[in-house]
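Keep the sequence and the 3D view open while reading.

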Amino acid sequence: MWHEEKNRLQATFKFKDFAEAFAFMTEVAFQAEKQNHHPTWTNVWNTVEIQLTTHDAGNVVTDKDHKLAKAIDAVYRKYA
């Protein structure tokens with residue numbers, strides 16, 4: 001699901017509708033806040049695209065990104 005490209009971890013998540021996609025984003029927002037590491041993301045109807053990079057490390061992928069990606073995957077499993 002996650003792939004690294006241009007110094008970013010990237011993934012696309014699909015849901016049954018907008019409400020489910022937004023619920024997922026809300027849960028991810030709480031995880032990001034806990035980790036003080038915030039994604040770049042977009043949402044169009046039932047699709048959420050997420051990019052992770054560590055800005056204070058020079059915009060490269062670090063352990064912080066992999067840790068948040070694992071937390072995001074755990075949230076997504078509730079919807080899959």
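Q: How many salt bridges does the count come to?
A: This is a predicted model. The rule asks for a side-chain nitrogen of Lys or Arg within 4 Å of a carboxyl oxygen of Asp or Glu. By this rule the count comes to 1 salt bridge.

Q: Which side chains meet in a salt bridge?
A: Side chains of opposite charge can pair when their charged atoms come close. Here the N to O distance is 2.7 Å. The side chains that meet are those of Glu-27 and Lys-78.

Q: How many residues apart are Glu-27 and Lys-78?
A: Glu-27 lies in helix 1, and Lys-78 lies in the segment after helix 2. The pair links distant parts of the chain. The two are 51 residues apart.

Q: Is Lys-78 buried or exposed?
A: Exposed means over 50% relative accessible area. Lys-78 has a relative accessible area of 60%, whereas Glu-27, at 24% relative accessibility, counts as partly exposed. So Lys-78 is exposed.

Q: At what angle do the axes of helix 1 and helix 2 cross?
A: Helix 2 spans residues 63-77, and helix 1 spans residues 18-35. Their axes come within 10 Å. The crossing is right-handed. On the helix 1 side, the contact includes Phe-24, Val-28 and Ala-32; on the helix 2 side, Leu-68, Ala-71 and Ile-72 are among the residues. The axes cross at roughly 145°.

Q: Which residues is Lys-64 in contact with, leaving aside its neighbours within four places in sequence?
A: Lys-64 sits in helix 2. At 35% relative accessibility, Lys-64 counts as partly exposed. Its contacts, with those neighbours left aside, are Gln-35, Asn-36, His-37, Thr-54 and Asp-56.

Q: What area does the nonpolar surface patch have?
A: Phe-22, in helix 1, is one of its residues. At 47% relative accessibility, Phe-22 counts as partly exposed.

Q: What distance separates the C-alpha atoms of Trp-2 and Glu-33?
A: Trp-2 is found in the segment before strand 1. Leaving aside neighbours within four places in sequence, its contacts include Leu-9, Phe-13, Leu-52 and Ile-72. Trp-2 and Glu-33 are 31 residues apart along the chain. Their C-alpha atoms are separated by 21 Å.

Key. Residues are numbered from 1 along each chain as its sequence is written. This is a predicted model: local features need pLDDT of at least 70, side-chain atom pairs count only at pLDDT 80 or more; totals for chains, interfaces and linings use all residues. Side-chain values use heavy atoms; hydrogens and water are left out. Patches are made of residues with over 30% relative accessible area and no salt bridge: like charges are joined within 9 Å, nonpolar side chains (Val, Leu, Ile, Met, Phe, Trp, Tyr) within 5 Å. Accessible areas come from the Shrake-Rupley method with a 1.4 Å probe; for residues, only the protein chains shown count as cover. Helices (H or I, at least four residues) and strands (E, at least two) are DSSP runs, numbered from the N terminus. Buried means under 20% relative accessible area, exposed over 50%, partly exposed in between (1.4 Å probe, protein chains only). Axes are lines fitted to C-alpha atoms, for helices over the stretch in contact, and angles run from 0 to 180 degrees between N-to-C directions. A crossing is left-handed if the near helix is turned anticlockwise from the far one by less than a right angle, and right-handed if clockwise. Contact means heavy atoms within 4.5 Å.
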